[in-house]
Structures are given as structure tokens and as C-alpha cells.
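Hello,

Here is the structure I promised to pass on to you. Please have it open while you read the notes below.

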Amino acid sequence: MTSRRRFISLVPVLGAATLARAQAAPLVDPKDPQAQALGYTTEATKVDKAKYPKYAAGQSCASCALYQGKAGDKAGPCPLYAGKSVLPGAWCSAWVKRA
Ligand code: SF4
């Protein structure tokens with residue numbers, strides 16, 4: 001097999017591996033026990049302020065020190081929800097101001 005043919009035969013394999021890496025972890029389900037325990041909500045503006053008086057306008061995962069997504073990402077990892085992604089506009093009671 002020539003090296004060109006071998007390269008062409010590997011393209012689908014390399015493409016699949018790249019796609020797998022590009023796929024984000026699944027989103028946190030607000031019904032997950034951990035999410036419920038921390039009051040995770042997908043829209044920070046809809047936080048129950050009576051239940052979570054610590055919440056203040058402007059707080060969201062995007063402004064949280066624990067959020068590991070980059071600006072512009074549709075979702076990103078949070079160490080409190082291993083293997084899952086959180087939305088930048090979401091919020092939970094573990095929010096910590098980003099330095
Ligand atoms: Fe979002 Fe921060 Fe809560 Fe993680 S700890 S879910 S980044 S608010």
C-alpha cells in the first residue's frame with residue numbers, strides 16, 4: 001500500500017476521532033440530585049430569590065470562578081458536575097465570584 005493510499009484510508013478514522021473530541025460533555029440535568037441539592041437552574045434570571053437569597057443579579061456560570069468554559073462557548077465544564085457541562089447563563093448556589 002502506498003503511503004498516499006494509507007493516508008486516505010486513515011482519513012475517516014482521524015475524522016471520527018476529531019469529532020469525538022469536539023463534542024461537549026452532556027449538559028447537567030437540573031433534575032440530577034447534585035443539581036437539585038445546589039439549586040442549579042439553567043437560567044440565572046429565574047433563580048428563586050426567596051429560596052436562594054444569596055443570588056444577586058449578574059451572577060451566572062459565566063461569571064463564576066469555577067466555570068471552565070471560554071467566552072463564547074455554548075457550555076463548559078464545572079468541577080462540581082463531573083463529566084457534564086453547564087450553560088454560561090445558568091447558576092447554582094455554589095457560585096463564587098471570578099477574580
Ligand atoms: Fe455554574 Fe459556578 Fe455553580 Fe458551577 S459552581 S454550576 S460554574 S454557578
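Below is what came out of the model, starting with the chain and ending with one serine.

First, some housekeeping. This is a predicted model, in which local features need pLDDT of at least 70 and side-chain atom pairs count only at pLDDT 80 or more, while totals for chains, interfaces and linings use all residues. Residues are numbered from 1 along each chain as its sequence is written, and side-chain values use heavy atoms, with hydrogens and water left out.

The protein chain has two helices and two strands, in the order α-α-β-β along the sequence. Helices here are DSSP runs of H or I with at least four residues, strands are runs of E with at least two, and both are numbered from the N terminus. Of the 99 residues in the protein chain, 26% are buried. Buried means under 20% relative accessible area, exposed means over 50%, and partly exposed lies in between (1.4 Å probe, protein chains only).

Now to the ligand. Its surroundings are Y40, C61, C64, L66, Y67, C78, L80, Y81, V86, C92, A94 and W95, counting a residue as near if one of its heavy atoms lies within 4 Å. By class, this shell has 12 nonpolar, no polar and no charged residues. Ala, Val, Leu, Ile, Met, Phe, Trp, Tyr, Cys and Pro count as nonpolar, Asp, Glu, Lys and Arg as charged, and the others, Gly among them, as polar.

The ligand takes up the space of the largest cavity, meaning that more than half of its atoms lie within 2 Å of the grid points. A cavity is a set of points on a 1 Å grid over the protein atoms alone where a 1.4 Å probe fits but cannot get out, and lining residues have an atom within 4 Å of a point. There is one cavity of 30 Å³ or more, and the largest has a volume of about 100 Å³, taken as the space filled by probe spheres set on points joined across faces, edges and corners. W91 is among the residues that line the largest cavity, and the lining divides into 12 nonpolar, no polar and no charged residues.

As for the cysteines, C61 counts as buried because its relative accessibility is 9%, and C78 counts as buried at 10%. The structure holds zero disulfides (pairs of cysteine sulfur atoms within 2.5 Å).

Lastly, S93 is in the segment after β2 (85-86). S93 is partly exposed, at 23% relative accessible area. The C-alpha atoms of S93 and Y40 are separated by 7.1 Å, with the two residues 53 apart along the chain.

Best wishes

Terms used:
1 Å grid on protein atoms, 1.4 Å probe; cavity = no way out; pocket = protein on both sides within 12 Å on 5 of 7 lines; lining within 4 Å.
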